Structure formats: C-alpha cells, structure tokens
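Subject: Structure handover

Hello,

Here is the structure for you to look at. My notes on what was found follow below it.

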Amino acid sequence: MTYIDPENCIDCGGCAPACPVGAIEPDYRLSADKKYWIDVNRKRATETPVISARLPALPGADERRQALGR
C-alpha cells in the first residue's frame, strides 16, 4: 500500500491514474466514513519510504481493476 502525505500533496491529481486499483480519491469526494483515511495517510506517510519510480502492480491488480470497471 502506498500512502500520500496530505501535508505534501499539491492536489494535482497525478497519482490517481497511476494507482493500479483506482483507490485514490480527492478528499472532497470522500464520504464521511472514509475521511479517517486522511489521518491514516498522514501517519503512515512518515513511516514509509518515498516512492520515486512506478512500482509493478501487485498480483490481482488487473482483476480488481476490471471488477471496479476501470
């Protein structure tokens, strides 16, 4: 799982199409029950390494993408 630090995010949306399972949404589109992910990302982004290159998709990503209709 990749975490995006909301303090460093510039809201360009460039990460959303790069997500192999379509899990990235702008904060204004999150439902109230998903808002906790902002704090999860804030915390975990400080604990994980910075990704500077695209990583290969995880096993099952293609199937998940198809299930989501993307």
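Helix 1 (residues 36-45) and helix 2 (61-67) each supply at least two residues of the lining of the largest pocket. Helices here are DSSP runs of H or I with at least four residues, numbered from the N terminus. Helix 1 gives the largest share of that lining, 5 residues.

This is a predicted model, in which local features need pLDDT of at least 70 and side-chain atom pairs count only at pLDDT 80 or more, while totals for chains, interfaces and linings use all residues. Residues are numbered from 1 along each chain as its sequence is written, and side-chain values use heavy atoms, with hydrogens and water left out.

The pocket

The largest pocket has a volume of about 1,900 Å³. Among the 46 residues that line the largest pocket, T2, Y3, I4, C15 and I24 are the closest to its centre. On a 1 Å grid over the protein atoms alone, a pocket is an open set of points where a 1.4 Å probe fits, with protein on both sides within 12 Å along at least five of seven lines; lining residues have an atom within 4 Å of a point. The volume is the space filled by probe spheres set on the points, which are joined across faces, edges and corners.

Salt bridges

The count comes to 7 salt bridges (a side-chain nitrogen of Lys or Arg within 4 Å of a carboxyl oxygen of Asp or Glu). In one of them, E7 pairs with R42, and the closest N and O atoms are 3.0 Å apart. E7 lies in the segment before helix 1 and R42 in helix 1, so this pair ties together parts that are 35 residues apart in sequence. E7 is exposed, at 56% relative accessibility, and R42 is partly exposed, at 31% (buried is under 20% relative accessible area, exposed over 50%, partly exposed in between, with a 1.4 Å probe and protein chains only). Another salt bridge joins K34 and D33, at 3.9 Å from N to O. Salt bridges that share partners also link E7, D39 and R42 into one network.

The aromatic pair

The whole structure holds 1 aromatic pair. The ring centres of Y36 and W37 are 5.1 Å apart and their planes stand at 35°, so the pair is tilted (centres within 6.5 Å; planes under 30 degrees apart are stacked, over 60 edge-to-face, the rest tilted). Y36 is partly exposed, at 46%, and W37 is partly exposed, at 30%.

Regards

Note on methods:
Rings of Phe, Tyr and Trp (its six-membered ring) pair if their centres lie within 6.5 Å; planes under 30 degrees apart count as stacked, over 60 as edge-to-face and the rest as tilted.
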